[in-house]
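Here are my notes on the model you sent over. Have a look at it first, then go through the points below.

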Amino acid sequence: MKNEQLLAEIRKLRRKEIVGYSLLVIGIIGMIAFFVTGMSIFYLALGSFVVMFVGTVIASKYSNAIKDRLGSEIVTDVLREVLDDVRYDPFGHLPDQKIRDAHMVFPFNYDRIKGSDHITAVYKGTDVEMSDIELCQVEYSTDSDGDTDETEHTVFRGQWIECRLARELTGEIHISPNTKKLNKQLRNERLLVGNDLFNERFLVVADSADEAYSILDPRMTDAILSVAERNGGELYMSFVRDGLHIAVNTEYDFFERDGWKIDLAALRQKYLGCIRWFTDIIDELSLAE
């Protein structure tokens, strides 16, 4: 599809999305008026709630429609410029079980996994899988009437990559930021490698010390430090069997729009930057050699 046609289609969807958000705002204002003024007008509260609900449904529907169109026309094209055998699902994410089986050593627990922008592909002959991932804790509370409510707290939001390794390991190796909580928790299990700067920044635990030392040689520890420095957010890694999981807590999602204006050329460059973010990590760690 030509850019002009795609832009016209997206602008049409955007107008409908704006209608949804406008209804949502109107409903919120109505609910605020109901509570602030103390008016016990049942129909004001009910009407405001209905308007909020309808606005949310409309906004969500057309936001997803825009993401789907950008995904099929822009993101997929950009992915194919860099990767081979691309499969892309804008609304999917790495399987929950795959996330849990990585046994990533976090300083928190999580109960729920969300995500988007699921990609499976091949990069320089290496199988890769990646997506945005959000990990959440869920707290439950019960009121005096016995009704149960749940509150969700995000503890991780960022990107998760899995790469195939050239060999299968006999055990697992986990690398996490050297936080006070994890340092205390893992002080009897922690391994120190031959890189003082790496030891200062990261904690390593492994089933086999010899295997960990063979993987985390000077070249690899320097590469991990370089990745951590360049990519900002907290970096976690797990070597599990024949796969390496890399999670970066960037606190944002990839392949999203910037504000209300749709600039296809700018989005293409932004999305290409997102892909290069992934591949630069793989290149830095020499996983595709």
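1. Aromatic pairs first: a search of the whole structure turns up 11 of them. A pair here means rings of Phe, Tyr and Trp (its six-membered ring) with centres within 6.5 Å; planes under 30 degrees apart are called stacked, over 60 edge-to-face, and the rest tilted. One of the pairs is Phe106 with Phe108, which is stacked, at 4.7 Å centre to centre and 15° between the planes. Phe106 and Phe108 are both buried (under 20% relative accessible area; exposed is over 50%, partly exposed in between, with a 1.4 Å probe and protein chains only).

2. A word on ground rules. This is a predicted model, so local features need pLDDT of at least 70 and side-chain atom pairs count only at pLDDT 80 or more, while totals for chains, interfaces and linings use all residues. Residues are numbered from 1 along each chain as its sequence is written, and side-chain values use heavy atoms, with hydrogens and water left out.

3. Back to Phe106, which also pairs edge-to-face with Trp160, at 6.3 Å centre to centre and 65° between the planes. Phe106 sits in the loop between helix H3 (96–101) and strand S2 (112–123) and Trp160 in strand S4 (residues 148–164), so this pair ties together parts 54 residues apart in sequence. Trp160 is buried, as is Phe106. Ring pairs link Phe106, Phe108, Tyr110, Phe156, Trp160 and Tyr236 into a cluster.

4. How many helices and strands does the chain have? There are eight helices and eight strands, taken as DSSP runs numbered from the N terminus (helices are H or I, at least four residues; strands are E, at least two). Of the 289 residues, 46% count as buried. Among contacts (heavy atoms within 4.5 Å) between residues at least 6 apart in sequence, 69% join residues at least 24 apart. The chain exposes about 15,400 Å², and carbon and sulfur atoms supply 52% of that; the areas come from the Shrake-Rupley method with a 1.4 Å probe, and for residues only the protein chains shown count as cover.

5. Now a helix pair. The axes of H7 (residues 218–231) and H8 (residues 264–284) come within 9 Å and cross at roughly 160°; axes are lines fitted to C-alpha atoms, for helices over the stretch in contact, and angles run from 0 to 180 degrees between N-to-C directions. H7 and H8 are therefore roughly antiparallel (over 145 degrees; under 35 is roughly parallel, 65 to 115 roughly perpendicular, the rest oblique). Their crossing is right-handed, that is, the near helix is turned clockwise from the far one by less than a right angle, with anticlockwise being left-handed. Residues making the contact include Arg219, Ala223 and Val227 of H7 and Trp277 and Ile281 of H8.

6. Is Met237 buried or exposed? Met237, in strand S7 (residues 234–240), is buried, with a relative accessible area of 1%. Leaving aside neighbours within four places in sequence, its contacts include Met104, Ile173, Ile224, Ile246 and Leu285. Met237 and Ile173 are 64 residues apart in sequence and 8.2 Å apart in space, C-alpha to C-alpha.

7. Two backbone angles to look at. Asp85 has a positive phi of about 50° although it is not a glycine; it lies in strand S1 (residues 84–89) and counts as exposed at 61% relative accessibility. Arg241, not a glycine either, has a positive phi of about 55°. Arg241 is in the loop between S7 and strand S8 (243–249) and is partly exposed, at 42% relative accessible area.
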